[in-house]
Structure formats: C-alpha cells, structure tokens
Amino acid sequence: MSSKQVILITGSSTGFGRLFAETLARQGHTVFASMRDLGGKNAKNAAELLALAERESLAIHTVELDVTSDASVENAVRSVVTQAGRIDVAINNAGYSIASLMEAITTQQAQQIFDTNFFGALRVNRSVLPHMRRQRSGVLIHISSGAGRLVFPSFGMYCASKFAMEAAAEAYRYELAAQGIESVIVQPGAYETPILGKFLAGADASRTETYGPLANVPEMLYATLGRTAGNAQEVADAVLRIVETPAGQKRLRYRVSPSDIGVDAINESAARVQASLLKAFGLAEMTAFSQQKAAASD
Ligand SMILES: NC(=O)c1ccc[n+]([C@@H]2O[C@H](COP(=O)([O-])OP(=O)(O)OC[C@H]3O[C@@H](n4cnc5c(N)ncnc54)[C@H](OP(=O)(O)O)[C@@H]3O)[C@@H](O)[C@H]2O)c1
C-alpha cells in the first residue's frame, strides 16, 4: 500500500472531523470529508473546506453522507471508490451527545442516538469492508470517548452508545485481523469542539421532578467539561499518527486526553484479560494480524 492513503471521514462539517480532514490532507493523504445536507445547512462548511483545499493545494473532496441512512452511506462509499479507485481508511467520527438523566430520555431519543453513534459506524464498516478485503488492507477507526469506558451520571445514554461502539470495534479487530484489516478505537477526553454547545436534553423533563439535586447534574457536568476541555488539534494529531503507523502495528485502543481519569488503566487491564480469554478459547492465533493470510486467500 502507498504511504499516502485514501481516507473517508464521517461528520466532517465541524469539530474533530473537520480537523482530521485538514490535518491528514496537509500530510499528503487524499481525504473524502463527508457530511450530511451538503446542499443545505452544511453548504457553508463544505465551501470553507474546499476553499482551504484550493488555497493550500490539498486533496480534499466533500461527499454527502448521513450515517443514519444505508442508501446515503452506500452512495458515498461508491463515489469514493469511483473517484479514488480504493479506500484505505474509514474514520467513524459522526456523533452527538445527550446530557440528561436516563429516565427523562424517551425510547425514541435513545433509538436516535444509537442510530447515529452506533449503527452509523456499522453502516459505514459494512459498506467499506468489501473494498478493503479486495485490497487486502484497510483500517476502520472508531472515534469513541472516555465515556466508552467510564459512566457519568446524566451521560448514561451517550456512554451506552459509545460502550456499544467499543464492543463492536473490538470484535471487528479480532475477526478481521487475519485478512489484513485493522480496527482501532480512539478515546478522546474533553476537547473544545461545537459538541460542547449542543448537548440534547431529555425530552420528558417531568420525569426529573423527584431527583432533587441530581436533576442539576447535566448542567454541572457541562460546566466542568467546558472548563477542562483541551485543544482538539491533539486528537487530530493522534489520528494522523495512527493512520501513518504501519499495518499490523496499530494498537486496538488509543486514549487521547488532557486529563488522566483512569481510562488507560481500564484499557490495560481489559487487554490482559482479553488476551488470556482468546488464548483459553484457542482463538489467539486466528485473531492475530496477518497480511500473508489475506494474500493467500485470493
Ligand atoms: N469534543 C469532545 O470533547 C469529544 C470527546 C470524546 C468523543 N467525542 C466524539 O467525537 C466525535 C466528533 O464530535 P465533535 O466533538 O467533533 O463534535 P461536532 O463538532 O459536533 O461534530 C459532530 C459531527 O457529527 C456530525 N453528525 C451528527 N449526526 C450525523 C449524521 N446523522 N450523519 C452524518 N454526520 C452527522 C455533525 O454534523 P452536522 O453538522 O450535520 O450536525 C458533525 O459534523 C463524536 O463522535 C463525539 O462523540 C468528542
């Protein structure tokens, strides 16, 4: 594989996704910065990104992609492969947060956040994997969170969606390694992006009446996150390093955070337990990364 890669990013209109696009393209990678509603609410964001690409002669293309729609994901991936001939890296970044006590979140709100944060990544992975298999290489990157490992009261539904993403991403890791395809999880701490200003509230506020001071926890957390948030470029730089790490040498999890709240310790402990589990079930060898096996299966 060439060291310069073809990269599809979801949710590139603002925040991390936008920074990933700029940072990766500045290092010579070809970036497909996808976003939903390209002709409407994101038209300005897309135009700004394309203007930057023009100014700096960067290979950035914008493409319409709503992660909640199978058809939209399929169309976007088809468009990338038609234009670039391949797809080396898919970055599952699109996501949003609800800050609310669990009970105030309606079932419909819960389904919607999973549709974006969890099923969105599954749709993208299902769509890109046949192309990666044909190439015998590829990387699935999942933008999870410290909230994919730890539980904050009033972030419960967001945590649930990121825990689900982590489980799926780890299963992909074991199942795809023998075909030369890597699955990676990035766990950012709090960083300054527009997400901090657009947490959704639970739609059924009447359910918070009996919670006393706990009902104010969403506001408390929101204020703390705002105070401690780091510079989002750190996460983009980490993603660049991951993309440029040679095949077979990428770790499963990367914690990137302005503060240490114990996520690394959980990751290290879980890695040890998982490794002995795979060994005990006779799965260690068949879940190991192999470019050879992928080539031999042709
Ligand atoms: N910032 C942090 O502190 C932090 C920490 C840990 C993890 N994260 C994760 O990082 C990822 C990026 O968030 P961010 O902080 O960069 O916030 P952001 O600026 O709000 O970016 C979120 C992106 O997701 C997009 N998106 C939402 N729903 C979508 C859909 N159905 N289809 C396609 N795109 C969709 C948004 O697009 P629209 O403009 O169209 O809404 C936006 O581009 C998220 O998964 C978030 O959970 C963030």
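## Overall picture

Two residues are in contact if their C-beta atoms, placed from the backbone, lie within 7 Å. Counted in that way, 77% of the contacts with a separation of 6 or more in this chain are between residues 24 or more positions apart. The structure is a predicted model, and what follows should be read as a description of that model.

The chain holds ten helices and seven strands. Its C-alpha atoms fill a box of roughly 60 × 55 × 35 Å when the box is taken along the principal axes. A compact globule of 298 residues would have a radius of gyration near 19 Å, and the chain, with 19 Å, agrees with that value. Of the 298 residues in the chain, 40% are buried.

## The nonpolar cores

The largest nonpolar core has 58 residues, and those with the most contacts inside it are Ile7 and Ile91. Helix α1, which covers residues 15-26, gives the most to this core, contributing six residues. A second, separate core is made of eleven residues, among them Leu101, Ala147, Phe155 and Tyr158.

Which residues does Ile7 touch, not counting those up to four places away in sequence? The partners of Ile7 are Leu24, His29, Thr30, Val31, Phe32, Asp88, Val89, Ile91 and Val243, so that list includes Ile91, named beside Ile7 for its contacts inside the largest core.

## Two buried helix residues

Val239 is placed in helix α8, which runs over residues 233-243. Because 27 other C-beta atoms lie within 10 Å of Val239, and 20 or more are enough for the term, this residue is buried. With residues up to four places away in sequence left aside, Val239 touches Phe20, Ile91, Ile141 and Val186. The separation between Val239 and Ile91 is 148 residues in sequence, yet their C-alpha atoms are 9.2 Å apart in space.

Ser161 belongs to helix α6 and also counts as buried, with 28 C-beta neighbours inside 10 Å. Leaving out residues up to four places away in sequence, the residues that Ser161 touches are Ile113, Phe114, Asn117 and Phe118. From C-alpha to C-alpha, Ser161 and Thr116 are 8.9 Å apart in space, although 45 residues separate them in sequence.

## Around the ligand

The ligand is surrounded by 27 residues, and the closest of these are Gly11, Gly15, Gly95, Thr193 and Ile195.

How many residues of the shell around the ligand are nonpolar, polar and charged? The shell divides into eleven nonpolar residues, 13 polar residues and three charged residues.

## Loops and positive phi angles

Asp37 has a positive phi of about 55 degrees and is found in the loop between β2, residues 30-35, and α2, residues 43-56. Asp37 is partly exposed, since 13 other C-beta atoms lie within 10 Å, and a residue would need 12 or fewer to be called exposed. Ser154 has a positive phi of about 80 degrees and sits in the loop between β5, residues 138-143, and α6, residues 156-176. Ser154 is buried, because 26 C-beta neighbours lie inside 10 Å.

The loop between β2 and α2 also holds Gly40. Is Gly40 buried or exposed? With 8 C-beta neighbours inside 10 Å, Gly40 counts as exposed. Gly40 and Val81 are 41 residues apart along the chain, and their C-alpha atoms are separated by 25 Å.

## Helix α9

Helix α9, residues 263-280, has 18 residues, and from its first C-alpha to its last it reaches 26 Å, close to the 26 Å expected at 1.5 Å a residue. Why does α9 lie largely in the open? The number of buried residues among the 18 of α9 is one, so the helix lies largely in the open. Just after α9, Gly282 takes a positive phi of about 70 degrees.

Terms used:
Residues are numbered from 1 along each chain as its sequence is written. This is a predicted model: local features need pLDDT of at least 70, side-chain atom pairs count only at pLDDT 80 or more; totals for chains, interfaces and linings use all residues. A nonpolar core is a set of buried Ala, Val, Leu, Ile, Met, Phe, Trp, Tyr and Cys residues joined through C-beta atoms within 7 Å. Helices (H or I, at least four residues) and strands (E, at least two) are DSSP runs, numbered from the N terminus. A residue is near a molecule or strand if its C-beta atom, placed from the backbone, lies within 6 Å of it. Ala, Val, Leu, Ile, Met, Phe, Trp, Tyr, Cys and Pro count as nonpolar, Asp, Glu, Lys and Arg as charged, and the others, Gly among them, as polar. The expected span of a helix is 1.5 Å times one less than its number of residues. The radius of gyration is taken over C-alpha atoms; the globule rule is 2.2 Å times the number of residues to the power 0.38.
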